[in-house]
Amino acid sequence: MAQKVIVYRTDEITDELWAKIVDGFNESFGLHADAEGFKHGWYVSNPWGYAFHAVALADDDELMAYNVFTPLQYDNGIKVVVSGSTFVRKKYRKNIMLFASMIKALRKRCADEGFDIEVGVPNHNSLEYHLKINKVTWVKDLPYYVLPITLSRTMGKRLPGFVDRLWRLALKVHLWVNALLSSIADNKERWRPFSMSVDEPSYSNRFSGREYKKVNEDGHRFVYRVYHEEGKDVAYLMDCRTGDDKTYRSLVKACRYIAAHEDVDAVLYVGFMHLAQCLMAKLPDRMVPKRLPLTCYVLNKDEKSRFDGIANSDNWNFSLMGFDVR
C-alpha cells in the first residue's frame with residue numbers, strides 16, 4: 001500500500017513533482033514526453049483550466065504511481081471527469097491496490113467539488129481490474145469507422161500498384177456520390193443524454209492544442225489530427241459539424257478536404273456515430289487496431305436517478321473528442 005496518496009490540481013504541482021511524473025510516464029510507456037506538454041495540454045484544455053492529479057508516494061517521496069481526472073462539460077449541466085494517463089511504476093506493481101487507492105482519492109475530491117460522472121477508456125488488459133476493483137460499469141467498446149485513401153496500406157497488405165490507382169479513382173466517385181446524397185438528405189446526428197457540450201468555451205478549449213487542424217468551410221467546421229503509426233499516416237477525424245450539429249454533409253466535407261489536402265493513407269473516426277451515412281465503413285471487431293472499452297461510474301450519489309440509462313451505449317455520444325487519445 002502506498003505510504004500516501006495526494007490529489008493536486010494542475011496549478012498546484014511543483015516543478016520537482018512534474019519531473020517525477022514525466023519520468024514515470026516515459027518509463028512506463030516508452031515515450032519522450034516533457035513537462036511543458038503536461039502543463040499546457042489535455043489537462044488544462046477545458047473550461048476549468050485544470051485537472052485533478054493523484055500521486056502515490058513512497059516513504060522517501062519516490063513516485064510510485066499516477067492517475068488523472070480531467071474535467072469536461074456535458075449537456076444538461078452534467079459535469080464529467082475523464083480518467084487517464086495511468087501508470088504504476090514497475091517496481092511497485094505487486095501492490096495491486098495501489099491504483100485503486102488513487103481512484104478512491106480522486107473520486108472523493110471530485111465528488112466534493114460537484115462532479116457527477118467519471119468516464120474512462122482503460123487499456124483492455126486492465127478492464128477486469130476496473131470492473132472488479134474500481135466497480136466501474138462497462139458501456140461498450142468504441143467502434144472504428146474508416147475511409148481508405150491508400151487501400152494497400154489501410155488493409156496492411158501488399159497489393160499491385162494498379163489496385164491503389166483504381167481505388168483512388170473509385171474514391172473520387174465515392175466522395176462525389178456522398179456529396180450528392182448529403183445535399184439531398186443532410187442527416188443529423190441523433191442527440192443523446194450523455195454528450196460533450198459543444199458550446200463555447202468547451203469546444204474551443206478541447207481543441208486548443210497546435211496538433212489539431214481546425215477548418216471552417218462553407219458553414220461547416222471540422223477538426224482532425226494527422227498521426228503516423230505502424231507505417232501508416234492516418235487522419236483522425238475528431239469532430240465535424242454544421243453549426244452545433246454533427247451532420248452527414250459536414251462529414252463528407254471533412255473527408256473530401258482531408259483527401260485533397262493531406263498525404264494520408266486513411267481517415268479514421270473512433271466513437272459512436274448516431275448518424276445515417278454511407279461514406280465511412282465500420283470496421284468489424286476482428287479488424288480494430290486496439291480495443292477501446294468505454295466505462296463509467298456515478299460520482300454524484302445524491303442524484304443517482306438523474307443518470308438512469310448510463311449503462312446503455314445508445315444514450316452516449318462519445319468519440320475521440322471526449323478523451324485524451326490522438
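The expected span of a helix is 1.5 Å times one less than its number of residues. Helix H6 has 24 residues and reaches 35 Å from first to last C-alpha, close to the 34 Å expected. Helices (H or I, at least four residues) and strands (E, at least two) are DSSP runs, numbered from the N terminus. This is a predicted model, in which local features need pLDDT of at least 70, side-chain atom pairs count only at pLDDT 80 or more, and totals for chains, interfaces and linings use all residues. Residues are numbered from 1 along each chain as its sequence is written, and side-chain values use heavy atoms, with hydrogens and water left out.

**Helix H1 and its cover**

- The 15 residues of H1 (residues 15-29) should span 21 Å at 1.5 Å a residue, and the end C-alpha atoms are 21 Å apart, which agrees.
- Buried residues of H1 are Leu-17, Trp-18, Ile-21, Val-22, Gly-24, Phe-25 and Asn-26; buried means under 20% relative accessible area, exposed over 50%, and partly exposed in between (1.4 Å probe, protein chains only).
- An α-helix has 3.6 residues a turn, so residues three or four places apart point the same way.
- The cover over the buried residues of H1 includes strand S1 (4-9), helix H2 (35-40), strand S2 (52-57), strand S3 (63-73) and strand S4 (79-88).
- Gly-30 follows H1 and has a positive phi, near 65°.

- S3 and S4 run antiparallel and are joined by eight bridges; two strands pair if DSSP finds at least two bridges between them.
- Tyr-66 stands opposite Phe-87 in S4.
- The hairpin of S3 and S4 has five residues between the strands, and Asn-76 in this hairpin takes a positive phi near 60°.
- S4 also pairs with strand S5 (residues 117-120), in the parallel sense and over four bridges.
- Val-82 has Val-119 in S5 as its bridge partner.
- Seven of the ten residues of S4 are buried, so the strand is mostly covered.

**Helix H6**

- In H6 (residues 161-184), the buried residues are Asp-164, Leu-171, Leu-175, Asn-178, Ala-179 and Ser-182.
- These buried residues pack against strand S7 (144-148), helix H5 (151-155) and helix H8 (248-261).
- Ile-184 lies in H6 and counts as exposed, at 65% relative accessibility.

**The six-stranded sheet**

- Six strands form an open sheet in the order S9-S10-S11-S12-S7-S13, with mixed pairing.
- Strand S9 (213-217) and strand S13 (281-282) stand at the edges with a single partner strand each, so one side of each is left without a neighbour in the sheet.
- Strand S11 (residues 232-242) pairs with strand S12 (residues 266-270) in the parallel sense over three bridges.
- Tyr-236 stands opposite Leu-268 in S12.

**Two buried loop residues**

- Met-196 sits in the loop between strand S8 (194-195) and helix H7 (202-206), and counts as buried at 8% relative accessibility.
- Leaving aside neighbours within four places in sequence, Met-196 is in contact (heavy atoms within 4.5 Å) with Leu-72, Gln-73, Tyr-74, Asp-75, Ser-202, Arg-206, Asn-317 and Met-321.
- Met-196 and Lys-79 are 117 residues apart in sequence, with 9.5 Å between their C-alpha atoms.
- Asn-315 is in the loop between strand S14 (293-298) and strand S15 (316-317), and is buried with a relative accessible area of 18%.
- Not counting residues up to four places away in sequence, Asn-315 touches Arg-192, Pro-193, Phe-194 and Gly-309.
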